[in-house]
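Subject: Handing over a structure

Dear colleague,

I am passing the structure below on to you, together with notes on what was found in it. Please look through it first and then read on.

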Amino acid sequence: MICGIGVDMVTVSDMERRVARMSPGALARMFTPAEIEASLARGNRRAEYLATRFAAKEAVFKSLAPSLPAGTLDLRRIEVLNRADGSPYANAEEPSLAAAMQKAGVAHVHLSITTEGDFACAFAVAEK
């Protein structure tokens, strides 16, 4: 049963400007070490990768928020990675996301990410 949906869109060029101004510490507060490492492997598409991760974090957060008390989940701790086949997923092994999912009664979060031109968009569905 679907218990929440979330969608978000980020402008890649805005992310590129933000990343250029961010210190490594500020970047580490927004993205997990695994996300930062994966972004570095993208070369000149790093900002696009980080934009998709940020949009996905927002979408996952929005899909869970209706089932949680305010302040339960920090969207910055949501980790979005890729499976071997390239498909994205919210890492439910990350402790704060796992705890939030359990509290919300969510068994799985389905995630889709796309880019088109300067836009990165993500859609998440929380399922009981």
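Leaving aside residues up to four places away in sequence, Tyr49 touches Glu35, Ala38, Ser39, Arg42, Val80 and Asn82, where contact means heavy atoms within 4.5 Å. Please keep in mind that this is a predicted model, in which local features need pLDDT of at least 70 and side-chain atom pairs count only at pLDDT 80 or more, while totals for chains, interfaces and linings use all residues. Residues are numbered from 1 along each chain as its sequence is written, and side-chain values use heavy atoms, with hydrogens and water left out.

Tyr49 lies in helix 4, and with a relative accessibility of 5% Tyr49 counts as buried; buried means under 20% relative accessible area, exposed means over 50%, and partly exposed is in between, using a 1.4 Å probe and protein chains only. Although Tyr49 and Ala120 are 71 residues apart along the chain, their C-alpha atoms are separated by 8.7 Å. Thr52 is also found in helix 4 and is buried, at 5% relative accessible area. Not counting residues up to four places away in sequence, the residues that Thr52 touches are Ile113, Thr115 and Ala120.

**The chain as a whole**

The protein chain has 5 helices and 5 strands, which are DSSP runs numbered from the N terminus (helices H or I with at least four residues, strands E with at least two). Along the sequence they follow the pattern β-α-α-α-α-β-β-α-β-β. For 128 residues, a compact globule would have a radius of gyration near 14 Å, and the 14 Å of the protein chain agrees with this; the radius is taken over C-alpha atoms, and the globule rule is 2.2 Å times the number of residues to the power 0.38. Taken along the principal axes, the C-alpha atoms fill a box of roughly 40 × 30 × 25 Å. Of the 128 residues, 43% are buried, and among contacts between residues at least 6 apart in sequence, 61% join residues at least 24 apart.

In helix 1 (residues 12-21), the buried residues are Val12, Met15 and Val19. They lie on the same side of helix 1, because they cover an arc of only 55° around the axis, the arc being that of the directions from the helix axis to the C-beta atoms. The face turned away from this buried side carries the exposed residues Ala20 and Arg21. The cover over the buried residues of helix 1 includes strand 1 (2-11), helix 2 (24-30), helix 4 (46-64) and strand 5 (119-127).

How do the axes of helix 1 and helix 4 cross? They come within 8 Å and cross at roughly 105°, where axes are lines fitted to C-alpha atoms, for helices over the stretch in contact, and angles run from 0 to 180 degrees between N-to-C directions. The two helices are therefore roughly perpendicular to each other, a label that applies from 65 to 115 degrees. Val12, Met15, Glu16 and Val19 of helix 1 make the contact with Arg46, Ala47, Glu48, Leu50, Ala51 and Phe54 of helix 4.

**Helix 5**

The buried residues of helix 5 (residues 95-104) are Leu97, Ala100, Met101 and Ala104. They cover an arc of only 100° around the axis, which puts them on the same side of helix 5. Pro95, Gln102 and Lys103 are the exposed residues on the face turned away from that side.

Technical notes: Parallel < 35°, antiparallel > 145°, perpendicular 65-115°, else oblique.
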